[in-house]
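Reader: I have the sequence and the model open side by side. Please take me through how to read some of the features.

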Amino acid sequence: MQAPIQRLPSEVAFDGRVLFLADDPELIRKQLTGEDLEWPFDAALRDNISTDEITPAYICYYYDDTLGEFPYLGLKAGTEFPITRGSVKDGGFACSVSGKRRGKGSSREQSPYAEMCAGIRVVIAENIERIYRENCQNLGILTSTDFSLIERIRSGVPIPLTEFTKGEGAITRDIIEFGGLFKYNVARLQGKVSVPPATQDKRPMTLGEKILARHWVTDLALGEVGVAQVAPGDEGFVQTDLRFSHEYVTPMSAIFWEELVGEDEKVVDPESVFFFRDHLTFLELTMTDERKASGLLDVALQLKEKQEEFAAQQGVKLYGELPRPSSGMPVGSEAICHSKILESHALPGYLVIGSDSHTPHAGAIGCVAFGVGTTAIFNSWLTKDVRIKVPGSVRIRVAGAAPGNVTAKDFMLEVLRNPYVKNGHAIGKILEYSGDAVAALSVDDRATMTNMAAEVGAFTGLIEPDEKVVEFLSRERGMSAAEARSTLEGLAADPDAEYEETIEIDASDLRPMIALPGDPGNGKFVDELEEKVKIDIAYGGSCTGAKKADMDMYARVFKEALDSGNTVHADVSCFIQCSSQEVKRYCEEQGYIEIFRDVGAEFIEPSCGACINAGRGVSYAAETVTISAINRNFPGRSGPGQLYLASPYTTAASAIAGHIVAWEPR
Ligand code: SF4
């Protein structure tokens with residue numbers, strides 16, 4: 001890229017007003033109607049402003065600078081929501097101020113982008129959550145925890161840029177000085193910045209570190225990649241093998257591309273880029289009439305259209321929606337992103353990025369796969385790499401023989417209630433799963449464990465590839481055993497590799513588990529439930545619970561029920577939704593579709609569906625009780641009801657019983 005690029009001036013001045021996000025709605029209203037508050041003032045600033053409050057989920061159906069109409073629409077001050085559409089933009093604010101933990105929650109980049117499009121150039125808060133702060137930096141919004149800057153910002157006096165870069169590492173400092181990740185990357189491509197080298201000290205490495213070292217970019221312009229070793233804390237860039245995004249993210253990344261790179265420019269190596277229509281395929285079946293009447297459905301459908309248009313322009317493979325029949329209603333998708341990447345594209349040792357927190361799914365065959373934000377995806381289309389700070393590693397060893405009704409999902413619910421994990425010590429780490437109980441799992445089941453590294457809050461999760469992976473690649477990809485085995489070369493942790501912690505689990509001690517509503521970490525053995533929990537819905541689907549191995553489990557339980565003269569309980573609505581057309585074909589070949597039909601379960605074409613509160617199987621009332629094979633049960637995740645997480649066996653057995661029970665193998 002030859003675009004002229006330079007660092008920001010050494011001093012910055014602001015010419016807008018300061019918006020204090022206070023706890024008192026009246027104070028906010030005064031500012032929106034033109035009054036500037038004295039600072040400091042007696043009233044409290046709002047703490048814990050989440051990205052959900054900055055841009056509620058339905059606002060994220062917008063993906064361009066229209067977002068500037070909406071920042072803080074979900075912000076609660078006292079018991080009110082004082083900020084209305086357009087009021088921040090119309091107020092001429094350049095700076096937004098709040099209290100503790102600004103930007104917590106979801107990693108959605110729509111939040112700082114909405115603020116930026118409304119005119120906000122600097123965010124000040126007592127402390128600022130990491131991902132939100134990085135997203136601000138990537139977009140070129142300045143951040144600070146120094147409240148003494150407020151008067152200087154307000155008076156328009158020049159402020160040294162170093163006030164906004166102090167304490168940051170070399171790469172972050174450069175990103176801020178160039179005004180965002182894109183401009184920084186252009187400077188990298190032009191050789192105007194240098195990235196600090198990885199560690200020179202020879203050291204034993206974990207598997208995750210080895211894969212990162214193989215992909216470490218040493219010279220972007222020359223395309224040189226690979227270092228002998230990396231160590232936790234090293235900052236740099238790693239070259240990707242696969243980059244993918246879904247319809248919630250691709251359109252906004254596409255807008256960035258068109259505005260900053262150019263509509264006629266082509267993404268680098270489009271064969272390694274994939275787009276997916278999976279999250280909102282069935283949204284119109286669940287969106288309220290009120291929202292439809294306000295035009296939100298039309299806005300959400302534009303996400304699909306923009307992604308299709310950009311994929312066609314760029315020659316990028318889109319796993320899209322199935323053609324709609326004459327009724328115009330959706331019938332499903334080709335695949336959920338994670339399922340397809342593992343089924344058809346990832347290989348052992350790959351480095352994969354995706355616009356979704358469950359991207360570690362592909363770690364089941366020994367990839368380092370992790371989720372990134374909108375700006376990082378867009379930049380990866382240009383540079384093919386992604387910024388990284390090498391995390392520490394945690395080993396999770398599951399030993400022993402698991403009982404026949406204990407699955408990978410039960411292993412993960414046990415991991416999630418482990419005090420080390422529950423207290424947040426594994427957040428941002430590389431998880432490496434091992435032990436004979438993990439080795440005994442199929443690749444599909446291993447993917448349940450790596451997928452749910454997201455629930456741990458980990459950077460990624462992966463498993464050393466072995467003969468099971470060779471069999472998987474031979475069966476699913478048609479590779480010869482020798483060819484498949486060659487991909488495993490060098491993919492083992494060094495015997496003396498350093499782990500920050502080793503969590504030991506004895507699989508033979510486990511029994512089928514559920515997570516009580518509210519959090520995947522609320523794990524309990526099913527037989528410890530104090531009372532009978534009647535259920536209204538049983539849902540078997542999602543990237544976690546709709547692979548071929550999961551379908552085997554549902555079908556096995558349902559077949560046994562049919563053989564005993566039982567069907568889905570009369571009070572229960574049961575849904576089985578596969579994760580890809582390939583899984584559907586497998587179900588057809590195995591005769592599972594008939595079993596699901598005969599037992600009384602509704603079979604649905606692939607999509608994220610109920611997992612993201614957008615499809616058959618969601619709840620509509622707080623009293624509704626659901627048992628589900630999905631991966632997370634945060635409030636509202638699949639409707640307002642109470643959502644219990646369980647394995648496919650437990651989900652299917654409960655659908656038959658009408659209440660939560662473990663499946664007992666015959
Ligand atoms: S199925 Fe659920 S968890 Fe998986 S990608 Fe879709 S929304 Fe995310």
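Reader: Leaving aside its neighbours within four places in sequence, which residues is lysine 210 in contact with?

Author: One caution first: this is a predicted model. Lysine 210 touches Met205, Gly490, Ala492, Ala493 and Asp494, once residues within four places in sequence are left aside. Lysine 210 itself lies in helix α10, residues 207-215.

Reader: Is lysine 210 buried or exposed?

Author: Buried means under 20% relative accessible area. Lysine 210 has a relative accessible area of 19%, so it is buried.

Reader: How many residues of helix α9 are buried?

Author: In helix α9 (residues 181-189), seven of the nine residues are buried, so the helix is largely enclosed by the rest of the structure. The buried residues are Leu181, Phe182, Tyr184, Asn185, Val186, Ala187 and Arg188. Glycine 191 follows α9, and its phi is positive, near 70°.

Reader: How should I describe two packed helices?

Author: Two packed helices are described by the angle between their axes and the distance between the axes. Here, the axes of helix α11 (residues 250-261) and helix α16 (residues 374-383) come within 9 Å and cross at roughly 55°. The two helices are therefore oblique to each other. The crossing of α11 and α16 is right-handed.

Reader: Which residues of α11 and α16 make the contact?

Author: From α11 come Thr250, Met252, Ser253, Ala254, Phe256, Trp257, Leu260 and Val261. From α16 come Thr374, Thr375, Ile377, Phe378, Trp381 and Leu382. For reading such lists, an α-helix has 3.6 residues a turn, so residues three or four places apart point the same way.

Reader: What does phenylalanine 256 touch, not counting residues up to four places away in sequence?

Author: Phenylalanine 256 lies in helix α11 and counts as buried, at 4% relative accessibility. It touches Glu109, Tyr113, Leu139, Val261, Thr374, Thr375 and Phe378, with residues up to four places away not counted. Phenylalanine 256 and threonine 375 are 119 residues apart in sequence, but their C-alpha atoms are 7.9 Å apart in space.

Reader: Now a loop. Where does isoleucine 141 lie?

Author: Isoleucine 141 is in the loop between α5 (130-139) and β5 (142-144). It is buried, with a relative accessible area of 4%. Apart from neighbours within four places in sequence, isoleucine 141 is in contact with Pro112, Met116, Ile120, Arg121, Val122, Val123 and Cys136. The C-alpha atoms of isoleucine 141 and glutamate 115 are 9.0 Å apart, for a separation of 26 residues in sequence.

Reader: How do strands of a sheet pair?

Author: Strands of a sheet pair through backbone hydrogen bonds, either parallel or antiparallel. For the antiparallel case, take strand β9 (residues 235-239) and β15, which pair over five bridges. Glutamate 235 stands opposite lysine 389 in β15. Strand β15 (residues 385-389) is mostly covered, with four of its five residues buried.

For the parallel case, take strand β25 (residues 625-628) and strand β26 (residues 642-646), which pair over four bridges. Here serine 628 has leucine 645, in β26, as its bridge partner.

Reader: What is the strand order in the open sheet of seven strands?

Author: The order is β21-β20-β26-β25-β22-β23-β24, and the pairing is mixed. β21 (523-525) and β24 (601-604) stand at the edges with a single partner strand each, so one side of each has no neighbour in the sheet. On average, neighbouring strands of this sheet are turned by 25° against each other, direction ignored.

Reader: Which strands of the sheet does helix α17 touch?

Author: Helix α17 (residues 408-416) packs on the sheet and touches β20 (513-515), β21, β25 and β26. The direction of α17 makes about 55° with that of β20. Helix α27 (residues 592-599) also packs on the sheet, touching β23 (573-577) and β24, and its direction makes about 140° with that of β24.

Reader: How many disulfides does the structure hold?

Author: A disulfide here needs two cysteine sulfur atoms within 2.5 Å. The structure holds zero disulfides. The cysteine sulfur closest to that of cysteine 587 is in cysteine 578, at 5.5 Å, too far for a bond. Cysteine 587 counts as buried, at 0% relative accessibility. Cysteine 611 is buried too, with a relative accessible area of 6%.

Notes:
Residues numbered from 1 in each chain as written. Predicted model: local features only at pLDDT ≥ 70, side-chain atom pairs only at ≥ 80, totals over all residues. Heavy atoms only, no water. Pairing = 2+ DSSP bridges. Axes fitted to C-alpha atoms, helices over the stretch in contact; angles between N-to-C directions. Contact = heavy atoms within 4.5 Å. Buried < 20%, exposed > 50% of the residue type's maximum accessible area, 1.4 Å probe, protein only. Parallel < 35°, antiparallel > 145°, perpendicular 65-115°, else oblique. Left-handed = near helix turned anticlockwise from the far one by under 90°.
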